[in-house]
Structures are given as structure tokens and as C-alpha cells.
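Me: I'm new to this one, and I'd like to know where the labels come from. Can we go through them together?

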Amino acid sequence: MAIKRIRTKKIRVLPGFTLTLGFTLFYLGLIVLIPLAAVFWKTTELTWPEFWHTITMPTAMASYRLTFGASFCAALVNVFFGLIVAWVLVRYEFFGKKIVDALVDLPFALPTAVAGITLAALYSQNGWVGQLLAPLGIKVANTQLGIFVALTFIGLPFIVRTVQPIIEDLDPELEEAASSLGASRWQVFWRVILPVLTPALLTGFALAFARALGEYGSVIFIAGNIPMKTQITPVIIMGELDMFDYAKATAIAVVMLVVSFVLLLAINVLQWWTNRYNTHNLA
Amino acid sequence: MTPAATTFHVPHAVSRRTTGEPPVVRWLLISVALLFLSLFLFIPLVFVFTQAFAKGIGFYFETLRDPNTLSAVKLTLTAAIIAVPLNCIFGVAAAWAIAKFDFRGKNILLTLIDLPFSVSPVIAGLIYVLVFGAQGWLGHYRDAEHAWFPWLQSWINDHNIKIIFAVPGIVLATIFVTFPFVARELIPLMQAQGRSEEEAARVLGASGWQTFWRVTLPNIKWGLLYGVILCNARAMGEFGAVAVVSGRIRGQTNTIPLHIEALYDDYNFAGAFAVASLLAFLALVTLGIKTWVEHQHAKQNETEVIK
């Protein structure tokens with residue numbers, strides 16, 4: 001009882017708690033929470049069968065498959081190449097390394113519309129890269145491959161930037177111990193290094209995947225937006241909005257929001273796992 | 001060199017050799033990394049600038065001087081000038097509350113602050129259409145008896161304030177998509193710094209504001225600057241959210257990214273890339289400042305360790 005009383009009577013030395021927390025909650029509610037609630041409120045205008053019919057219409061179903069599939073593949077490819085890029089940037093020295101390191105963040109900084117028109121023009125039949133691929137029979141622009149390319153561009157920094165600090169913190173003694181006990185370099189990588197990097201790789205994968213699911217600007221130019229073939233889910237929402245069919249647009253938006261929230265939760269758990277692993281290592 | 005030093009160095013060299021990769025593997029990995037980055041980063045970057053000048057330097061500046069381009073630049077700057085300071089104030093306030101005090105539900109608050117990052121830009125635009133659009137919560141056509149906030153609705157109608165398909169909607173959408181940037185940079189930074197320095201300042205008689213300006217701000221200035229430039233880059237480059245609320249009226253509600261889309265849809269590729277080069281240049285400046293800030297930050301940390 002006595003302990004409890006001491007705890008609740010803790011004196012705050014620093015001022016401004018009520019002011020800053022109050023403003024934070026007010027601004028958060030006004031800008032984010034109330035408008036987001038509008039999405040869920042709007043769907044109540046639809047009956048349950050109408051809602052179900054909208055979110056399962058063939059164009060929407062095709063767009064979910066495409067969006068999830070392309071985002072998944074892009075994030076997976078980024079895990080592989082992102083790990084190599086992060087490794088090379090931490091462990092090796094080469095000419096221009098600092099500039100390369102800074103440019104990895106380009107997809108964060110470059111506006112999506114600029115990325116979109118650039119990739120579309122670059123991979124079109126007479127673009128710099130497109131004309132090299134055309135003789136091989138590979139078409140990128142206006143195909144699902146194009147969407148994959150744009151999503152790979154967007155997701156690249158997520159993996160590199162989550163794995164890079166973990167590689168920097170790797171204790172060289174672990175690797176030395178493993179190799180002095182007779183492990184080959186390859187075994188050291190698979191048995192010692194990769195297990196330590198796994199939580200960060202998963203977190204990076206989830207971040208890139210989540211970002212790719214909602215991506216719009218960089219995809220629409222290269223995708224061509226052919227119904228049932230290269231229409232991603234945000235394009236379906238945009239199409240319904242252009243026809244002023246807000247209820248339909250909102251129903252599909254709800255599906256995307258629910259998926260995003262589940263992913264956000266998963267990312268939080270993953271990050272907690274990554275951090276726990278790190279502090280465990282330090283101790 | 002003394003013999004002792006040599007013997008000290010030998011095991012170290014041996015261990016280096018056994019834990020490193022063979023030169024062939026190194027060379028291969030570096031090549032793969034650079035090839036991948038070239039395909040996805042370097043070539044696109046070079047491509048923007050070459051295409052921008054594809055029709056000559058005269059055409060480039062002609063495009064940039066076009067009234068529609070100038071109006072897009074003006075609108076983008078307006079949106080950023082409003083959105084960035086607001087999110088900056090929010091970021092500092094949120095970081096102060098979260099890093100300097102203990103309260104229940106802190107983790108939930110942190111997740112909610114990150115929420116705009118996981119919402120698709122198209123949905124970010126949609127939510128404001130649902131609130132302020134013609135049929136929305138506060139729209140013109142919403143019948144007054146069922147209005148959610150009758151006084152607010154009639155105030156908006158009486159003053160003939162247009163939000164959707166107008167500048168205020170663009171500003172709101174920009175604020176939403178750039179919402180977490182500053183807070184996200186500052187919260188971990190201020191949490192790591194703890195509260196002892198501020199508490200000492202208070203005990204020594206400084207007022208709350210003095211503590212903030214003289215103790216906290218100098219400690220967080222690089223993180224704050226970093227958050228602000230990231231926030232600004234996104235504010236000026238946002239496309240999807242702004243596309244939904246803007247209505248894309250040329251010369252009136254087109255921002256720079258929307259103007260790029262309009263030019264591209266007109267098959268004016270050189271024009272589109274000329275305007276795009278402005279934003280690509282902004283992105284490079286952002287990355288430059290970011291690298292510089294990180295350098296300053298590392299230097300600050302080093303001097304603190306020495307102290």
C-alpha cells in the first residue's frame with residue numbers, strides 16, 4: 001500500500017507534459033484518426049452483401065492477386081540483393097563507396113511520379129534498357145513484370161537500411177571462433193552470420209512488402225493499367241473515385257487498410273524481436 | 001619496429017585472413033551489388049537528366065518558364081511551407097511528451113503516429129474526400145438535419161470555402177503523408193538522450209522554455225534538421241494522395257508531380273522530364289544534406305565520448 005502511494009505521487013521535474021501530449025493527441029485525431037474513421041463509417045452505407053460483392057468483383061480480385069504477388073516477389077528479390085549491397089557497403093572498400101551508400105536512399109527521396117515516368121521510359125521498347133531486353137523477347141513496360149520492376153525500386157532501401165546496422169554490429173570474434181573451430185567461410189555465413197541477420201531481413205522484407213502494397217505513383221506509368229492484367233488495387237480505387245462511386249472505392253480501401261494494419265502489427269512484433277536479439281547480444 | 005610489436009600483429013593478420021572472403025568472392029559480390037544498383041538507381045538517375053535536355057537547353061528553360069509549370073511550383077511550395085512547419089511542431093511536441101515522460105499507452109501512441117506510413121497514398125487522399133467532399137461529413141450536399149457538425153458545415157458553406165479539388169485539400173493530404181517524419185526522427189533520439197540534462201537545468205532554475213531552447217534543442221538539432229528535410233522531400237514529391245484531392249486543374253490545382261503526369265500524358269516527354277529534373281535535383285540535394293547531417297551527428301557523438 002505504501003509503495004503504491006509513493007509511485008503515484010512521483011513529482012515531474014520537467015514541465016509541458018499536458019501541453020505536448022494534449023497537442024499530440026489533438027493533432028493526431030484531427031489529421032489521422034477522424035479522417036481514417038470516415039472510411040469505416042462510409043462503408044456502413046453499403047449492406048453486407050453489397051460490400052462483399054464490391055470487394056470480390058473480378059477486377060478487384062485480379063488486382064489483389066497482382067498487387068500481393070508483385071509486392072511479394074519484389075520484396076523477396078530485394079532481400080537477396082539488399083543483403084549483398086549491405087554486406088558490400090559494410091565489409092569491403094571500393095572506389096565511390098560513400099556516394100553509393102548515400103544513393104541507396106534515392107528511392108526514399110525521389111518523388112514517385114519521377115520514378116514512375118523514368119522507369120516507364122527506360123523500360124519501354126525503345127528505352128535504354130527496354131531495347132536491350134526486346135530482342136530476348138522480354139517486355140517490361142505495360143506488363144506485370146513492369147510492376148515488379150517499379151516495386152523493386154521502391155523497396156530497395158528498406159532491406160539495405162535495416163540490415164546494414166546489424167552487419168556493422170556483428171562481433172568479428174564470433175566469425176573468428178567459428179573459423180578457428182574449422183568451419184568453412186560458407187558454413188560461417190549460413191550457421192553464424194545469417195541467423196543473426198534473419199530478424200532484420202524479415203523486418204526489411206515486411207517494410208518493403210507493406211510499402212509496395214500501397215504504392216501508386218511509381219507503378220501506374222510503367223503498368224499501363226490494363227483491366228484484369230496490370231491494374232493494381234490502388235488503381236481500382238482511383239478508377240471508382242473518378243466515377244464518383246465513393247462507396248465502392250471505400251469498400252476496397254477498407255480491404256487494403258485492414259491488410260496494412262495487420263502488416264503494421266507484424267512489423268512491430270518483428271522489430272521488437274530484432275531489438276531483443278540485439279540487446280541480448282550486447283549483454 | 002620492435003619484435004614484440006611484430007608478434008602482436010601476426011595473429012591479427014591471420015585472423016583477418018581466415019574470416020574474410022577470398023578476393024574472387026569479394027570482387028563478385030561488389031560487381032553484383034553495383035550492377036543491381038546501376039540497373040535500379042544510377043541509370044534511372046542519369047536518364048532523368050539526359051531526357052530533360054533531349055530537346056535542347058532552350059526547350060528546357062521554356063518548359064520551366066511556362067505559366068502552368070510556374071503555378072505548379074508555386075502550389076507545391078505553398079503546400080510544403082504549410083505542411084512542414086506544422087508537422088515539425090507536432091514532431092517536437094510528440095517527442096517531448098513521449099521521450100521525457102512515462103505514461104500508459106505509449107506504445108499504442110507510437111504505432112498510431114506511424115499509421116500514415118502504412119496507408120496507401122490513394123487512401124490518404126480518399127479519407128479527406130470522404131470528410132470534406134460534396135457528399136462527405138462536412139460537404140455541401142449533406143443534409144443539414146443529419147449533419148455531423150452543423151456549425152462547422154454551415155461556416156464552410158457560408159464562407160464558400162472549397163477544400164476538395166482546391167488548395168486546402170492538397171495541403172491536408174500533404175500534411176497526412178508527411179505526418180510521422182519529424183516525430184519518427186526525434187522520438188528515438190530524445191529517448192536515447194534521456195532526461196537528466198533537462199532535469200539538471202530545471203533544478204538550476206531554468207524555466208521550461210529556457211530548458212527547451214538551451215538544452216534540448218542543441219542536442220536534437222541534427223535529428224530535427226534530418227526529419228525536416230525528409231518531410232520536405234516527401235511534401236514536395238507526393239503524388240497519389242494529392243492526385244485524389246486536387247481535381248488536376250492545370251494552372252490551378254496541379255502540383256509539380258501532377259504537372260509531370262499531365263505533360264507525360266500529352267506525350268510531351270522532354271517537357272515531363274524537364275520538370276521532373278527539378279524534383280530529381282531536390283532529391284539529390286536532400287540526400288546530400290542527409291549525408292552531411294549524419295556526418296555532423298557522428299562528429300557530435302565523438303566529441304561527447306571524448307568529453
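Me: Why is A:Met228 called partly exposed?

Reply: Because its relative accessibility is 45%, and partly exposed is the label between buried (under 20% relative accessible area) and exposed (over 50%), with a 1.4 Å probe and protein chains only. Before we go on: this is a predicted model, where local features need pLDDT of at least 70, side-chain atom pairs count only at pLDDT 80 or more, and totals for chains, interfaces and linings use all residues. Residues are numbered from 1 along each chain as its sequence is written, chains are lettered from A and ligands numbered from 1 in the order in which they are written, and side-chain values use heavy atoms, leaving out hydrogens and water.

Me: What makes the phi of A:Met228 worth a mention?

Reply: A:Met228 isn't a glycine, yet its phi is positive, about 70°. Most residues other than glycine have a negative phi. You'll find A:Met228 in the loop between helix H12 (217-223) and helix H13 (233-242) of chain A. Helices here are DSSP runs of H or I with at least four residues, strands are E runs of at least two, and both are numbered from the N terminus.

Me: Where is B:Phe165, and what is its phi?

Reply: B:Phe165 sits in the loop between helix H7 (150-158) and helix H8 (167-177) of chain B. Its phi is positive too, about 65°, and B:Phe165 is not a glycine. At 32% relative accessibility, B:Phe165 counts as partly exposed.

Me: Why is A:Thr67 called buried?

Reply: Its relative accessible area is 4%, so it falls under the 20% limit. A:Thr67 lies in helix H4 (residues 58-91) of chain A. Leaving aside residues up to four places away in sequence, it touches A:Leu213, A:Ile232 and A:Thr233, where contact means heavy atoms within 4.5 Å.

Me: What makes A:Ser63 and A:Thr67 a polar contact?

Reply: The backbone oxygen of A:Ser63 is 2.5 Å from a polar atom of the A:Thr67 side chain. A polar contact is a pair of N or O atoms within 3.5 Å; within protein, one must be able to donate a hydrogen and the other to accept it, and residues adjacent in sequence count only if both atoms are side-chain atoms. So 2.5 Å is inside the distance limit.

Me: How do you know that A:Arg185 and B:Glu21 form a salt bridge?

Reply: Their side chains meet at 2.7 Å, N to O. The definition asks for a side-chain nitrogen of Lys or Arg within 4 Å of a carboxyl oxygen of Asp or Glu, so this pair qualifies. Between chain A and chain B the count is two salt bridges. On the side of chain A that touches chain B, the largest share, 19 residues, comes from helix H2 (residues 17-43) of chain A.

Me: How many residues of each chain are in contact?

Reply: 85 residues of chain A are in contact with 89 of chain B.

Me: What makes H6(B) mostly covered?

Reply: 11 of its 12 residues are buried, including B:Pro121, B:Gly125 and B:Tyr128. Helix H6 (residues 121-132) of chain B reaches 17 Å from its first C-alpha to its last, close to the 16 Å expected at 1.5 Å a residue; that expected span is 1.5 Å times one less than the number of residues. Chain B itself has 14 helices and zero strands, and buried residues make up 50% of its 307 residues.
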